[in-house]
Amino acid sequence: MQNHYMPRFTPATPRSRRLGRELRKLREAKGLTGEETANLIRCSTSRISRIESGEIKLRAGDVMELLVTYGVRIDEEPGTSLLELARDLREEGWWQRIGGKYATYIAYETEAADLKNFEPMLVPGLLQTERYAREVNIIGRETDPETVDQRVAARMTRQEVLHRQPTPLRLHAILSEASLRTEVGGPDVLREQLHHLVKVSQLPNITIQVLRFEAGAHLADSSGFVLLSFEQDDPPLGYIETLAGELFLESSRDLARLSAAYDNLRMLARSPAESIKFIKELSEHGA
């Protein structure tokens, strides 16, 4: 393995972490330490650690070498599945082609099974109309038309997870009343956006609740956040976007805090039926 170039996998995904986790299990079952494995395949111990944490994008040949080291046949399970997973990792996702600071988040969002999102000021990207998304990208962020077009197209592509088959992303969104009343692009753009929320709320995998002003102070006054859950026992992930950058939260303590905040918001928010009724009224009589 010492002659193989193995670039860091950017962005990481649940699949890269899953491959690393399974390889760690095989190493431990063989009774080898990370250092012993590194000596056997002539690489650094830190590289083994990065492989098992999902930070490195392995080639199928690299996985094959590890499987042989661990005494696992490559022509039967679990070897065949792990080799296939390694081949899948080499396929470039659309978000990697466009780049941008959200590439890592989109990689996780694309593979998530469930997503919980609270937004205090704007409609979430997964629920935005094209016109609304365009205005969001223009206001105080970007003036180059080509860049704006690219970002809007990326946001529309992201929304395909809500319609993927056979298992669309299950989305639960809590929107503050402010996000529904804040004019983005003028009253016509906002009205169209509100109509869109009513329409998509009819999908069985989408639930929308509105946090009315009278709900008062709550545990997430300072910012919005996202909680992502995955299939196949992949650990959940928290995400917060700040002015200083993105935060990915993985510790059980951080995730417990976000879950508690979300449960608090869900309790304070109007029911889905009452929420959609409220959005309809706003769209018809003005925000």
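Asp114 is partly exposed, with a relative accessible area of 26%. Partly exposed covers the range between buried, under 20% relative accessible area, and exposed, over 50% (1.4 Å probe, protein chains only). This is a predicted model: local features need pLDDT of at least 70, side-chain atom pairs count only at pLDDT 80 or more, and totals for chains, interfaces and linings use all residues. Residues are numbered from 1 along each chain as its sequence is written, and side-chain values use heavy atoms, with hydrogens and water left out.

Asp114 forms a salt bridge with Arg170; their closest N and O atoms are 2.7 Å apart. The pair links distant parts of the chain, with Asp114 in strand E1 (residues 114–119) and Arg170 in strand E2 (residues 170–176), 56 residues apart. A salt bridge here is a side-chain nitrogen of Lys or Arg within 4 Å of a carboxyl oxygen of Asp or Glu. Strands (E, at least two residues) and helices (H or I, at least four) are DSSP runs, numbered from the N terminus. Arg170 counts as partly exposed, at 40% relative accessibility.

The structure holds 21 salt bridges. Side chains of opposite charge can pair when their charged atoms come close. One of these bridges joins Asp234 and Arg18 (2.7 Å, N to O). Asp234 lies in the loop between strand E4 (225–229) and E5, and Arg18 in helix H1 (residues 14–30), so the pair ties together parts that are 216 residues apart in sequence. Both Asp234 and Arg18 are buried.

A salt bridge also runs from Arg27 to Glu52, with 2.6 Å between the closest N and O atoms. This pair links distant parts of the chain: Arg27 sits in helix H1 and Glu52 in helix H3 (residues 45–52), 25 residues apart. Arg27 counts as buried at 10% relative accessibility. Glu52 counts as buried at 12%.

## A salt-bridge network

Some charged residues form a network. Salt bridges link Glu177, Arg181, Arg212, Glu214 and Arg270.

## Strands E5 and E6

Strand E5 spans residues 237–242 and includes Ile240. E5 pairs with strand E6 (residues 245–249) in the antiparallel sense, over 5 bridges. Two strands pair if DSSP finds at least two bridges between them. Gly238 has Leu249 in E6 as its bridge partner. A hairpin of 2 residues joins E5 to E6.

Ile240 is buried, with a relative accessible area of 13%. Leaving aside neighbours within four places in sequence, Ile240 is in contact with Ser223, Gly224, Phe225, Gly245, Glu246, Leu247, Leu249 and Leu258. Contact means heavy atoms within 4.5 Å. Ile240 and Val226 are 14 residues apart in sequence, and their C-alpha atoms are 6.5 Å apart in space.

## Helix H7

Helix H7 covers residues 103–111 and is mostly covered: 7 of its 9 residues are buried. The buried residues are Ala103, Tyr105, Ile106, Ala107, Tyr108, Glu109 and Glu111.

## A nonpolar surface patch

Met64, Val68 and Ile74 make a nonpolar surface patch of about 240 Å². Patches are made of residues with over 30% relative accessible area and no salt bridge; like charges are joined within 9 Å, and nonpolar side chains (Val, Leu, Ile, Met, Phe, Trp, Tyr) within 5 Å. Accessible areas come from the Shrake-Rupley method with a 1.4 Å probe; for residues, only the protein chains shown count as cover.

Ile74 sits in the loop between helix H4 (60–69) and helix H5 (79–89). Ile74 is partly exposed, with a relative accessible area of 34%.
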